[in-house]
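Student: I have a structure open on my screen and would like to talk it through with you. Can we take it one piece at a time?

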Amino acid sequence: MMPIGPLMIEHRLIERMIDVMREEFVLIMKEKKVDPEFIETTVDFIHTYADRCHHGKEEDILFRDLGGKKLTEEHRRMIEELVEEHRRGRNITGKLVEANAKYVQGSQEALSTIMDCIKTLIAFYPQHIEKEDKHFFIPCMDYFSDAEKEAMLKEEWEFDKSLIHEKYRNMVIAAERILTAKKL
Ligand SMILES: [Fe+2]
Ligand SMILES: [Fe+2]
């Protein structure tokens, strides 16, 4: 498998989640209320899977290795754009977390922020994915030798392996902090 294989498989799962979000968005509009658990699931998916796991591999492996190649001006510009889009996605997710916390505490204003964030995410991700799938990933493979591609793929597996441990280590750290705060 090429190193873009796992990335493209991940795109398909992100698309499925975006489809769910699109339908949930219609329900939120209609009912003027949101299920905080749906937001928590969405945030967890976007934060851990789409951003940390998927964008993480793109930035820390593929883009990093492309950085060592003599790229065309177009490809260099595209990497900058894609990284900027990842940053935007991260900001929107952060906003969504904050708005959801306020909403759970009873703020009605937070509902419109939640809707704005979801609307932005469902517009943003499909475009971003299309850019990578159709205009970036495949031509970029030409910069690498077979050995380089193989090394990247191996590093991707290693990257994924450490993530689950990272996620749950952070969860324990957060739980410990909350407990300490309660005891103060
Ligand atoms: Fe990306
Ligand atoms: Fe991607």
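**Talking through the helices**

Student: Which residues of α2 are buried?

Tutor: This is a predicted model, and in it the buried residues of α2 are I39, T42, I46, A50, H54, H55, K57, E58, I61 and L62.

Student: OK, and what covers the buried residues of α2?

Tutor: The cover includes α1 (4-31) and α3 (73-104), together with α4 (109-135) and α6 (146-183).

Student: Let's take α6 then. At what angle do the axes of α2 and α6 cross?

Tutor: They cross at roughly 150°, and the two axes come within 10 Å. Since angles over 145 degrees count as roughly antiparallel, that crossing makes α2 roughly antiparallel to α6.

Student: Is the crossing of α2 and α6 right-handed or left-handed?

Tutor: For this pair of helices, α2 and α6, the crossing is right-handed.

Student: Which residues of α2 and α6 meet there?

Tutor: On the α2 side they are T48, R52, C53, G56, K57, I61, L62 and D65, and these meet E148, M152, E155, E156, F159, D160, L163 and K167 of α6. Among the α2 residues in that contact, K57, I61 and L62 are also buried.

Student: Going back to the shape of α2, where is its kink centred?

Tutor: The kink is centred on G56 and amounts to about 35°, and G56 is also one of the α2 residues that meet α6.

Student: How many Å does α2 span between its end C-alpha atoms?

Tutor: Helix α2, which covers residues 36-67, spans only 40 Å between those atoms, whereas a straight helix of 32 residues would span 46 Å at 1.5 Å a residue.

Student: New topic: how do α1 and α4 pack?

Tutor: Their axes are 10 Å apart and the angle between them is about 155°, so α1 and α4 are roughly antiparallel to each other. The residues that make this contact include M8, H11, I14 and F25 of α1, and M115, I118, Y125 and P126 of α4. As for the handedness, α1 passes α4 in a left-handed crossing.

Student: Zooming out, how many helices and strands are there in the chain?

Tutor: The protein chain has six helices and zero strands, and along the sequence this reads as α-α-α-α-α-α.

Student: And what share of the residues counts as buried?

Tutor: Of the 184 residues in the protein chain, 19% count as buried, and the C-alpha atoms fill a box of roughly 55 × 40 × 25 Å along the principal axes.

How values were computed. Residues numbered from 1 in each chain as written. Chains lettered and ligands numbered in written order. Predicted model: local features only at pLDDT ≥ 70, side-chain atom pairs only at ≥ 80, totals over all residues. Helix = DSSP H or I, 4+ residues; strand = E, 2+ residues; numbered from the N terminus. Expected span 1.5 Å × (residues − 1). Bend = angle between axes of the 7 residues up to and from the residue. Buried ≥ 20, exposed ≤ 12 C-beta atoms within 10 Å, placed from the backbone. Contact = placed C-beta atoms within 7 Å. Axes fitted to C-alpha atoms, helices over the stretch in contact; angles between N-to-C directions. Parallel < 35°, antiparallel > 145°, perpendicular 65-115°, else oblique. Left-handed = near helix turned anticlockwise from the far one by under 90°.
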